[in-house]
Every structure is written in C-alpha cells, then in structure tokens.
Amino acid sequence: AEIVESRYGLTVIYRHLNHDDDAGGGYHGGKGLSIGYGLRADAIFSAGYTRTHQPVWGLAGGGAGGVNRLSVTQAGKDQKNYAFVSGLSLHAGDVITISTANGGGWGISKDV
C-alpha cells in the first residue's frame with residue numbers, strides 16, 4: 001500500500017478479502033480481493049477487466065462463484081460499474097474500486 005501511495009498519487013482506502021457471498025457446495029471457493037483507491041489529483045482513467053458478467057464456475061456439483069468488478073464513484077454521482085473504460089476524466093476524491101471474484105464451489109453440499 002505504501003508503494004502505491006508514494007508512486008501513483010492514490011490513497012489505498014481499503015484492501016480486504018471479498019465479502020460477497022461464497023459459492024455453494026461441499027467446499028467453498030477461495031476468496032477474491034477488494035481494493036479501494038482514492039485519487040489525490042485529477043487523472044484520466046483507462047482500464048479493462050474480464051469476467052465481469054459470467055461467474056466463475058463450480059465443479060462436481062458446486063455452485064458458481066462470483067464475477068470481477070471494476071467501479072468508479074465520482075463526487076456527487078452514483079457508483080458506476082465498468083468492464084472496459086477509456087479516457088474517463090476523474091478528479092481528486094473520486095474512488096476506484098476493484099474486486100476479484102470469489103471462486104466456485106466444489107462438490108455437493110452435505111446440508112442438502
């Protein structure tokens with residue numbers, strides 16, 4: 001976090017495991033990561049992120065996992081999700097959020 005903050009003009013607001021629901025199954029998939037970056041100056045944002053619509057698959061009867069997320073919250077506006085964005089003007093105080101998907105489940109749940 002300190003390297004990102006010192007080199008790129010961003011503030012790392014948080015970095016934690018993805019809190020989205022786990023995939024169902026005998027064994028849950030691995031947790032993704034969620035990171036929130038706050039801009040300290042105006043910037044032009046371009047990014048692309050795959051697997052934002054199709055969830056990670058489960059195996060052997062396990063449930064599907066999550067999807068990746070890339071979103072931007074600008075001052076006075078609602079959060080907007082992107083798969084790909086290019087040339088988006090951002091300002092100090094805007095927040096970029098990146099979340100990687102939780103993995104798919106494996107096996108049939110013993111609770112069923």
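Good morning. I begin with Ala60, which is placed in the loop between β3 and β4. The model I am presenting is a predicted one. At Ala60 the backbone angle phi is near 55°, a positive value in a residue other than glycine. Ala60 counts as exposed because its relative accessibility is 52%, and the cut-off for that class is over 50%.

The loop between β3 and β4 also holds Arg51. Phi of Arg51 is likewise positive, near 55°, and Arg51 is not a glycine. With a relative accessible area of 32%, Arg51 is partly exposed. Gln54 is a further residue of the loop between β3 and β4, and Gln54 is exposed, at 56% relative accessibility. Between Gln54 and Gly66 there are 12 residues of separation along the chain, and their C-alpha atoms are separated by 8.2 Å.

Let me turn to the largest pocket. Its volume is about 200 Å³. Which residues lie nearest the centre of the largest pocket? They are Leu10, Tyr37, Leu39, Phe45 and Ile96, out of a lining of 17 residues. Strands β2, β3 and β7 each supply at least two residues of this lining. β3, which covers residues 43-48, gives the most, with five residues. By type, the lining divides into 14 nonpolar residues, two polar and one charged.

In soluble globular proteins, nonpolar side chains tend to be buried together. In this model the largest nonpolar core has 13 residues, and those touching the most other members are Tyr37, Phe45, Val72, Tyr82, Leu88, Leu90 and Ile96. The elements that give two or more residues to this core are β1 (10-17), β2, β4 (69-73) and β6 (84-90).

Setting aside neighbours within four places in sequence, Phe45 is in contact with Leu70, Val72, Val85, Ser86, Gly87, Leu88, Leu90 and Ile96.

The one is Ser34, in strand β2, which spans residues 33-39. Is Ser34 buried or exposed? Ser34 is buried, because its relative accessible area is 5% and buried means under 20%. The side chain of Ser34 is joined to that of Ser99 by a polar contact of 3.0 Å. Apart from neighbours within four places in sequence, the residues in contact with Ser34 are Tyr14, Arg15, His16, Leu17, Asn18, Ile98 and Ser99.

The other is Asn102, in the segment after β7. Asn102 is buried as well, with a relative accessible area of 2%. What does Asn102 touch, not counting residues up to four places away in sequence? Its contacts include Asn18, Asp20, Asp21 and Asp22, together with Gly30, Lys31 and Gly32, and also Val56, Gly65 and Gly66. With Asp20 there is a polar approach: a polar atom of the Asn102 side chain lies 3.1 Å from the backbone oxygen of Asp20. Tyr82, by contrast, is 20 residues from Asn102 in sequence and 18 Å from it in space, C-alpha to C-alpha.

Ala60 is exposed, at 52% relative accessibility, whereas Asn102 is buried, at 2% relative accessible area. Thank you for your attention.

How values were computed
Residues numbered from 1 in each chain as written. Predicted model: local features only at pLDDT ≥ 70, side-chain atom pairs only at ≥ 80, totals over all residues. Heavy atoms only, no water. Helix = DSSP H or I, 4+ residues; strand = E, 2+ residues; numbered from the N terminus. Buried < 20%, exposed > 50% of the residue type's maximum accessible area, 1.4 Å probe, protein only. Polar contact = N/O pair within 3.5 Å; in protein donor to acceptor, adjacent residues only side chain to side chain. Contact = heavy atoms within 4.5 Å. 1 Å grid on protein atoms, 1.4 Å probe; cavity = no way out; pocket = protein on both sides within 12 Å on 5 of 7 lines; lining within 4 Å. Points joined across faces, edges and corners; volume = space filled by probe spheres on them. Nonpolar A, V, L, I, M, F, W, Y, C, P; charged D, E, K, R; others polar. Core = buried A, V, L, I, M, F, W, Y, C linked by side-chain atoms within 4.5 Å.
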